[in-house]
Amino acid sequence: MIQKAHIIIVCILLSSAVFSQKINKDKSPKKAALYSATIPGLGQIYTKKYWKVPIVYAGIITSVYFIDENNKQYKKYKNAALQSYETEQNQLGHTYSELKTLKDHYRRNRDVSYFSLIGIYFLNIVDASVNAHLYNFDVSDDISINIKPHLSLYNSGVTLSLNF
């Protein structure tokens, strides 16, 4: 009876040691998503995909640039359109309808740039989470089939393992 208790304790300790080693190798998708939500690119650093950080920041900086430029042009043509409507004169050399069309064009482009910034931010979070999920995914060229007979005290059989 004492030997069975020792065997059970040893099995529990070994299984917990193996389980704890596996946890240390895995990356938490929640933690990666939280890191990327806090500071864009931090989740990519956490999952050791360092090459993606410049891409994330290039997208964010580009979106912010286009938001700023389109907003400047929008304000410029909006003010010119208001001046043209009130005084029927403007310094830009366009008619009121042309100024209104240009104003609407730059406002739309500004709004699209806002949406692209939000999209890049959320893609950054999703990418970090997916990278964490697939952190230990085997991408080796080993495509094989392993057949192992399995025999235990309570049941026996054959284990079929496919590696892709």
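Reader: Which residues form a nonpolar patch on the surface, and how much accessible area do they have together?
Author: A patch gathers residues with over 30% relative accessible area and no salt bridge, nonpolar side chains (Val, Leu, Ile, Met, Phe, Trp, Tyr) being joined within 5 Å and like charges within 9 Å; a salt bridge is a side-chain nitrogen of Lys or Arg within 4 Å of a carboxyl oxygen of Asp or Glu. Here I39, L42, I45, Y50, Y57 and I61 form such a nonpolar patch, and their accessible area together is about 540 Å² (Shrake-Rupley method, 1.4 Å probe, for residues only the protein chains shown counting as cover). This is a predicted model, in which local features need pLDDT of at least 70 and side-chain atom pairs count only at pLDDT 80 or more, while totals for chains, interfaces and linings use all residues. Residues are numbered from 1 along each chain as its sequence is written, and side-chain values use heavy atoms, with hydrogens and water left out.

Reader: Which helices each supply at least two residues of the nonpolar patch?
Author: Helices are DSSP runs (H or I, at least four residues) numbered from the N terminus, strands being E runs of at least two. Both α3 (42-46) and α4 supply at least two residues each. I45 has its place in α3 and counts as partly exposed because its relative accessibility is 38% (buried is under 20%, exposed over 50%, partly exposed in between, with a 1.4 Å probe and protein chains only).

Reader: Which residues make up the largest nonpolar core?
Author: In soluble globular proteins, nonpolar side chains tend to be buried together. A nonpolar core is a set of buried Ala, Val, Leu, Ile, Met, Phe, Trp, Tyr and Cys residues joined through side-chain atoms within 4.5 Å, and the largest one here has six residues, namely Y74, Y77, A80, A81, L99 and Y106. Two or more of these residues come from each of α4 (53-87) and α5 (96-133), with α4 giving the most, four residues.

Reader: What does Y106 contact, leaving aside its neighbours within four places in sequence?
Author: Contact means heavy atoms within 4.5 Å, and on that basis Y106 is in contact with N70, Q73, Y74 and Y77, leaving aside those neighbours.

Reader: Is S36 buried or exposed?
Author: S36, which lies in helix α2 (residues 29-38), counts as buried because its relative accessibility is 0%. Not counting residues up to four places away in sequence, S36 touches G41, L42, G43, Q44, Y121, N124, I125 and A128.
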